[in-house]
4 protein chains.
Amino acid sequence: MMRNVGSSSSSGKGIAAVVGVGPKLGRSIARKFAHEGYTVAILARDLGRLSRVAEEIAREEKAQVFAIRIDCADPRSVREAFEGVLSLGFVEVLVYNAYHSSSSYASHHPTSFTHIPFQSFQTSISVSVFAAFLCAQQVIPGMMEKGKGTILFTGCSASLNGIAGFSELCCGKFALRALSQCLAKEYQAFGIHVAHVIIDGVVGPPRETNIPPRGMVAEQSFNVGGEDGEGEGESSGVMGMDPDVLAQTYWYLHVQDRRAWTHELDIRPSNTRF
Amino acid sequence: MMRNVGSSSSSGKGIAAVVGVGPKLGRSIARKFAHEGYTVAILARDLGRLSRVAEEIAREEKAQVFAIRIDCADPRSVREAFEGVLSLGFVEVLVYNAYHSSSSYASHHPTSFTHIPFQSFQTSISVSVFAAFLCAQQVIPGMMEKGKGTILFTGCSASLNGIAGFSELCCGKFALRALSQCLAKEYQAFGIHVAHVIIDGVVGPPRETNIPPRGMVAEQSFNVGGEDGEGEGESSGVMGMDPDVLAQTYWYLHVQDRRAWTHELDIRPSNTRF
Amino acid sequence: MMRNVGSSSSSGKGIAAVVGVGPKLGRSIARKFAHEGYTVAILARDLGRLSRVAEEIAREEKAQVFAIRIDCADPRSVREAFEGVLSLGFVEVLVYNAYHSSSSYASHHPTSFTHIPFQSFQTSISVSVFAAFLCAQQVIPGMMEKGKGTILFTGCSASLNGIAGFSELCCGKFALRALSQCLAKEYQAFGIHVAHVIIDGVVGPPRETNIPPRGMVAEQSFNVGGEDGEGEGESSGVMGMDPDVLAQTYWYLHVQDRRAWTHELDIRPSNTRF
Amino acid sequence: MMRNVGSSSSSGKGIAAVVGVGPKLGRSIARKFAHEGYTVAILARDLGRLSRVAEEIAREEKAQVFAIRIDCADPRSVREAFEGVLSLGFVEVLVYNAYHSSSSYASHHPTSFTHIPFQSFQTSISVSVFAAFLCAQQVIPGMMEKGKGTILFTGCSASLNGIAGFSELCCGKFALRALSQCLAKEYQAFGIHVAHVIIDGVVGPPRETNIPPRGMVAEQSFNVGGEDGEGEGESSGVMGMDPDVLAQTYWYLHVQDRRAWTHELDIRPSNTRF
């Protein structure tokens with residue numbers, strides 16, 4: 001269930017838990033926090049792949065990285081996973097970046113509403129919101145006690161506008177945005193910084209592993225803005241936003257001075273129409 | 001499971017199904033459509049009370065009214081209820097007006113996020129969105145076939161802004177708004193009018209049964225905007241918006257010319273601050 | 001400056017003043033209010049054309065119609081025009097529907113920002129907002145005194161989202177929406193209904209005079225949502241929304257019960273993508 | 001008209017022009033860019049006070065600082081001021097932070113709409129939007145030529161929601177947001193980063209000069225979000241947000257990687273209700 005990878009023991013900093021870690025955004029965020037000295041817990045469904053990511057980050061960043069299996073569609077799995085996370089120490093940072101990758105998301109093709117299986121709709125909302133709810137409930141008491149903490153949610157353009165053929169995605173992302181607003185309003189006075197990042201574009205692989213052809217322009221008008229809880233949602237062919245660059249914004253939100261906190265911001269590449 | 005109350009047999013019009021009928025908004029909407037000649041199916045959890053409402057509307061409006069039990073928290077119950085609704089004929093109008101009344105809604109007191117039982121959060125989202133999804137899936141194929149139909153969703157101020165202590169409500173209402181946008185964008189070209197009504201204020205009992213004291217001002221800054229699926233959410237003491245007046249706007253949306261359809265509007269009493 | 005056309009003398013109702021009357025939306029709104037028994041004042045820059053519209057409405061609706069010249073880009077002209085309007089009696093309804101038609105609006109072609117003459121930007125804002133401000137200031141005291149009145153502003157999709165190449169339009173329409181919100185919040189408790197109508201589509205000529213080809217679909221993604229103060233902005237060739245149908249929504253807003261007032265709604269044809 | 005204060009000659013970097021510099025936000029932003037090696041041009045109406053700010057920044061940051069008089073209510077003054085700015089070299093950064101401080105802003109007391117002098121409304125819109133339009137038109141051609149540049153606009157909560165009694169502020173701030181969106185959409189593909197900062201709270205003096213009492217909480221629900229073009233709008237008594245902290249976010253937006261640009265973000269202190 002959990003694999004500890006890493007060298008150093010204690011950094012004085014808390015734990016940064018990143019839920020929804022595949023090959024793209026989740027990995028880049030985890031690596032950034034590891035790079036900055038955090039002990040990192042990364043969570044996704046495919047423990048094998050997750051372990052390889054953990055090893056890679058641990059090796060490259062000389063950091064302590066824990067790989068913990070989570071199935072965001074299953075509340076019991078979420079709870080068990082966070083028992084593991086909490087056992088590591090004070091969870092100072094929670095990044096919630098998971099979504100359910102149905103076939104339509106991967107392909108960016110709309111599904112006629114009447115053809116969406118109810119089970120699929122339920123799972124999508126469960127991963128987008130129910131698991132986020134549970135993760136937040138697990139980490140907030142510790143943050144309240146310490147009087148500090150950061151909770152970052154990944155949204156996308158579907159967080160703001162309904163899209164024909166993507167109700168599974170939109171309903172979950174609208175609800176996640178509501179959750180973020182409610183938590184920010186309730187907890188920021190207690191020192192917990194809750195923020196919602198609207199990624200308006202397709203996230204691709206990091207650039208060091210994949211050089212984009214010159215002049216290439218992202219062609220998608222929306223993306224799911226996060227990473228599949230199961231870690232299988234690799235988009236192939238489309239050159240998207242560099243997740244290492246996106247991770248810088250997550251880090252910036254974490255280190256913002258509490259006298260001037262941002263709750264919501266959008267991010268898109270300069271070469272996209274919006 | 002179903003109680004048929006009424007006199008006339010066929011009106012040439014289709015069925016108007018109203019989900020979430022207690023003593024207030026749902027009843028007023030059902031009555032308005034009955035008054036205008038529709039056969040009405042009203043759905044809520046408490047069949048006894050629902051039957052009394054059905055009898056009252058049937059008697060007063062000389063209309064055919066069907067009372068059908070539904071438990072919006074239970075997908076199987078929703079499906080069975082709509083088998084009943086669909087057996088009545090072409091469902092031309094669906095009004096989705098149900099929400100889960102947890103104790104905090106009734107009292108309008110916030111609940112600390114960490115104290116919300118997961119089960120309660122799940123049920124709230126189920127009633128707000130999952131059941132709305134299922135109801136819409138049931139009626140859209142018939143509307144597509146006829147090339148006409150109206151689907152009206154009840155929202156509230158919590159559809160637009162998160163509120164500290166009300167994440168159950170806000171997450172469900174944000175998601176319902178997303179559903180409404182997705183459906184409008186997908187189906188309006190096929191003649192199905194989907195609209196989202198943002199009721200910004202507390203809904204009270206109809207005025208004929210309850211004369212408001214002069215000068216009374218609604219004091220709540222938000223309400224759940226709909227009616228409890230169980231029909232027990234009677235607000236006591238607070239004088240709210242007259243549901244018969246609100247029902248006029250639902251009717252107006254239904255009869256709007258398709259060359260100029262509204263997808264979203266807000267409603268509030270003139271004596272409220274906003 | 002003013003031309004009185006019409007027969008009957010007093011209707012018991014107040015005056016409905018419609019600012020921005022060309023061949024389309026403004027005319028249809030004026031006609032609707034005339035049809036419902038209001039004495040109507042129509043205002044635009046081209047008094048010749050305006051007088052013909054006034055005669056037509058007066059004849060067809062057996063109503064009293066006043067044509068008053070206004071140049072919305074000139075504050076003095078606005079003030080003088082409203083002295084005329086106020087001299088007719090109690091202004092119960094103000095519909096503000098004027099915009100400045102620069103060449104880019106008519107053609108729906110974007111103008112590079114650096115090529116917009118400052119004078120043109122100024123005039124656009126003056127017509128969209130300054131004149132609306134002055135008109136509202138003129139009519140509100142009378143409405144306050146009577147404890148009733150309706151002020152309707154015409155917006156469009158550019159009221160909600162900036163559009164590359166249309167800053168003249170968007171800045172004015174955003175500002176007009178702000179004005180509408182401020183006035184609604186300040187005056188609705190005094191019985192003045194202020195509403196903002198977002199017309200999401202191109203307005204065409206009324207249908208009785210111009211039969212649309214079957215299957216024709218509106219192709220523009222935005223329009224200015226109102227009518228040129230000068231009344232010269234006739235769109236040729238493009239088949240748009242029927243202004244007579246749109247006028248019904250303006251009328252509906254006017255007659256809404258004050259216990260359930262709408263401040264903002266959108267309207268678009270069912271055959272448009274949004 | 002212009003006073004050059006400073007030591008070093010050329011930094012290789014361009015000019016950062018900050019419009020609307022009084023004792024608070026504008027000064028802090030200017031100082032931050034000076035600290036990071038930019039030659040800074042600061043613009044406001046009161047040249048005497050502006051010169052003292054320039055001297056202070058030049059001395060403390062060992063930077064080259066130009067004080068240029070501007071009257072944002074007067075288009076000719078804006079144009080002349082920017083001839084001065086452009087003569088200094090390539091304007092790489094424009095921060096537009098000016099607003100018109102009528103008496104109601106300073107006191108945060110609403111003004112009844114009918115009591116707002118038209119002249120005051122006009123001036124407010126002129127300072128908020130007309131001058132911003134002119135400044136942007138002056139600097140964009142140079143940015144286009146270099147393929148880079150940053151334009152930052154200061155907004156506030158009144159940029160998003162109308163407020164009864166503050167139409168002067170809201171209309172201008174809504175319009176400025178529209179301008180920011182239009183410019184971002186038109187120019188970001190050319191390497192110009194346009195962003196809109198929503199400051200949700202009252203800006204106070206920098207903390208080194210004014211230690212806040214412990215436990216003090218900002219009590220205003222909105223502020224004008226910028227600084228008076230005339231530099232006289234010092235708020236006395238109210239302890240607001242530290243402008244030096246806010247300036248960090250402006251800097252962050254400037255240095256964001258163009259593969260992930262933010263167009264809009266909000267900022268508020270953790271101890272404020274929102």
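**View 1. Chain A laid upon chain B in the predicted model.** In this predicted model, chain A is superposed on chain B by a rotation of 180° with 0.0 Å of shift along the axis, and the RMSD of that superposition is 0.0 Å. This is the relation of a two-fold axis.

**View 2. The salt bridge between E60(B) and R31(B).** Over all chains, the structure holds 40 salt bridges, and one of them is formed by E60(B) with R31(B), whose closest N and O atoms lie 3.3 Å apart. Which of the two side chains is buried, and which is partly exposed? R31(B) has a relative accessible area of 12% and is therefore buried, the limit for that class being under 20%, whereas E60(B), at 42% relative accessibility, counts as partly exposed.

**View 3. The salt bridge between E60(C) and R31(C).** In chain C, the side chains of E60(C) and R31(C) meet in a salt bridge, with 3.3 Å from N to O. This pair, too, links distant parts of its chain, for E60(C) is in helix α2 (residues 47-61) of chain C and R31(C) is in helix α1 (residues 25-35) of chain C, 29 residues apart. E60(C) counts as partly exposed because its relative accessibility is 41%, while R31(C) is buried, with a relative accessible area of 13%.

View 4. The side chains of R59(D) and E60(D) meet in a salt bridge with an N to O distance of 3.9 Å. R59(D) counts as exposed, because its relative accessibility is 54%, and E60(D), with a relative accessible area of 41%, is partly exposed. In chain A, salt bridges that share partners join R27(A), R31(A), E56(A), R59(A) and E60(A) into one network.

**View 5. The surface buried between chain D and chain A.** Here 30 residues of chain D are in contact with 30 residues of chain A, and the area buried between these two chains is about 2,600 Å², of which carbon and sulfur atoms give 53%.

**View 6. Polar contacts and salt bridges between chain D and chain A.** Between chain D and chain A, the count is two salt bridges, and in one salt bridge the side chains of D242(D) and R259(A) meet at 3.2 Å, N to O. There are also 20 residue pairs in polar contact between chain D and chain A. On the side of chain D that touches chain A, α6 (167-187), α7 (243-255) and β10 (264-267) each supply at least two residues, and the largest share, five residues, comes from α7(D). Sorted by class, that side of chain D has twelve nonpolar, eight polar and ten charged residues.

Notes:
Residues are numbered from 1 along each chain as its sequence is written. Chains are lettered from A and ligands numbered from 1 in the order in which they are written. This is a predicted model: local features need pLDDT of at least 70, side-chain atom pairs count only at pLDDT 80 or more; totals for chains, interfaces and linings use all residues. Side-chain values use heavy atoms; hydrogens and water are left out. A salt bridge is a side-chain nitrogen of Lys or Arg within 4 Å of a carboxyl oxygen of Asp or Glu. Buried means under 20% relative accessible area, exposed over 50%, partly exposed in between (1.4 Å probe, protein chains only). Helices (H or I, at least four residues) and strands (E, at least two) are DSSP runs, numbered from the N terminus. Contact means heavy atoms within 4.5 Å. Buried area is the accessible area (1.4 Å probe) that two parts lose on being put together, summed over both. A polar contact is a pair of N or O atoms within 3.5 Å; within protein, one must be able to donate a hydrogen and the other to accept it, and residues adjacent in sequence count only if both atoms are side-chain atoms. Ala, Val, Leu, Ile, Met, Phe, Trp, Tyr, Cys and Pro count as nonpolar, Asp, Glu, Lys and Arg as charged, and the others, Gly among them, as polar. Copies are superposed by least squares on the C-alpha atoms of residues with pLDDT of at least 70 in both.
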